[in-house]
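Here's a quick tour of one protein chain, meant to be read with the structure open. Grab your viewer and follow along, topic by topic.

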Amino acid sequence: MKLNLRTPLCFFDLETTGINITQDRILEIAVIKMMPNGEIHRKSNVLNPTIPIPPESSAIHGIREEDVAGKPTFKEVAKEYAKFLEGADLAGFNVLKFDVPVLVEEFLRAGVEFDYSRKKIIDAQKIFHLMEKRTLSAAYKFYVGKELVDSHTAEADTEATMEVFLAQVERYEGQPVTDGLNRPLGEIKNDMEVLGKLTCVDMVDLAGRMILNNKGQELFNFGKHKNKPVTTVFKEEPAYYDWMMNGDFPLDTKRKLTEIKLRSFKK
């Protein structure tokens, strides 16, 4: 179908050195510019991020240090992309949470004006989530093929959850599972130990204030120390533990925090 466009619409995607919006850099950028008259223009570059590329990131997108040697930096192409995106709206998948913030950071770092406030930003992931509901009623309809009657009563919801779970195991048994970055996590098996690890793969505390990285280290998942190892923060800023223990955090989070602190003292 032909989109009803009043201004150009730029679909874009980024590959980056990681998922930290402020610290990571763009490795590859691709833009498809759709004009109101139906014309299509494309622009893409592999870029030298000027910082190391972690092996775990290369495993996802396949871009390694040797691939970016001699490539331009974002700063060197920033004006070209600002001009290419000028007067156009933006579109992509999960761009609101990641790609747009990373792109804006890179433009700011390069000292190039990029006023996204005057652009419409359309996120296909948001539309996906709005239209394909992720409620229990939607799951019941999808997996079991029936309408959920008496939704939001504990008995009906519990019964429906059991039926959904049984259908999931039957449908997906033997299929591989990956995370949001396409990293393998295992496969669906009719084994509760396996399924428990898959659904709580990186959980440390129930509130999600701490998570595990792929090396099994506990990391903070919020605030100024986000993505830093908990034990490292305790060494560099011992008062942070006291701040959390005296703060408005769940008791479970505080208990896990104390366990990590005590364990670090024993090493």
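Let's start in a loop: Asn213 sits between strand 8 (210–212) and strand 9 (218–220). Keep in mind that this is a predicted model.

- A polar atom of the Asn213 side chain lies 2.8 Å from the backbone nitrogen of Gln217.
- Looking back along the chain, Val201 is 12 residues away from Asn213, and their C-alpha atoms are 9.6 Å apart.

- Lys254 belongs to helix 11, which covers residues 251–266.
- Setting aside neighbours within four places in sequence, Lys254 is in contact with Met244, Met245, Gly247 and Phe249.

**The nonpolar cores**
- The largest nonpolar core holds 26 residues, and Leu103 and Phe107 have the most contacts inside it.
- Strand 1 (9–16), strand 2 (26–34), helix 3 (74–85) and helix 4 (95–110) each put at least two residues into this core.
- Helix 4 gives the largest share of this core, with 8 residues.
- Beyond its neighbours within four places in sequence, Phe107 is in contact with Phe74, Ala78, Tyr81, Ala82, Leu85, Val112 and Phe114.
- Another core lies apart from the largest one; it has 13 residues, including Val233, Phe234, Tyr241 and Leu257.

**Positive phi outside glycine**
- Thr50 has a phi near 70°, a positive value in a residue other than glycine.
- You'll find Thr50 in the loop between strand 3 (40–46) and helix 1 (55–61).
- Is Thr50 buried or exposed? Its relative accessibility is 55%, so Thr50 counts as exposed.
- Asn227 also shows a positive phi, near 75°, and it isn't a glycine either.
- Asn227 is in the loop that runs between strand 9 and helix 9 (230–236).
- Asn227 counts as partly exposed because its relative accessibility is 33%.

How values were computed. Residues are numbered from 1 along each chain as its sequence is written. This is a predicted model: local features need pLDDT of at least 70, side-chain atom pairs count only at pLDDT 80 or more; totals for chains, interfaces and linings use all residues. Side-chain values use heavy atoms; hydrogens and water are left out. Helices (H or I, at least four residues) and strands (E, at least two) are DSSP runs, numbered from the N terminus. Contact means heavy atoms within 4.5 Å. A nonpolar core is a set of buried Ala, Val, Leu, Ile, Met, Phe, Trp, Tyr and Cys residues joined through side-chain atoms within 4.5 Å. Buried means under 20% relative accessible area, exposed over 50%, partly exposed in between (1.4 Å probe, protein chains only). A polar contact is a pair of N or O atoms within 3.5 Å; within protein, one must be able to donate a hydrogen and the other to accept it, and residues adjacent in sequence count only if both atoms are side-chain atoms.
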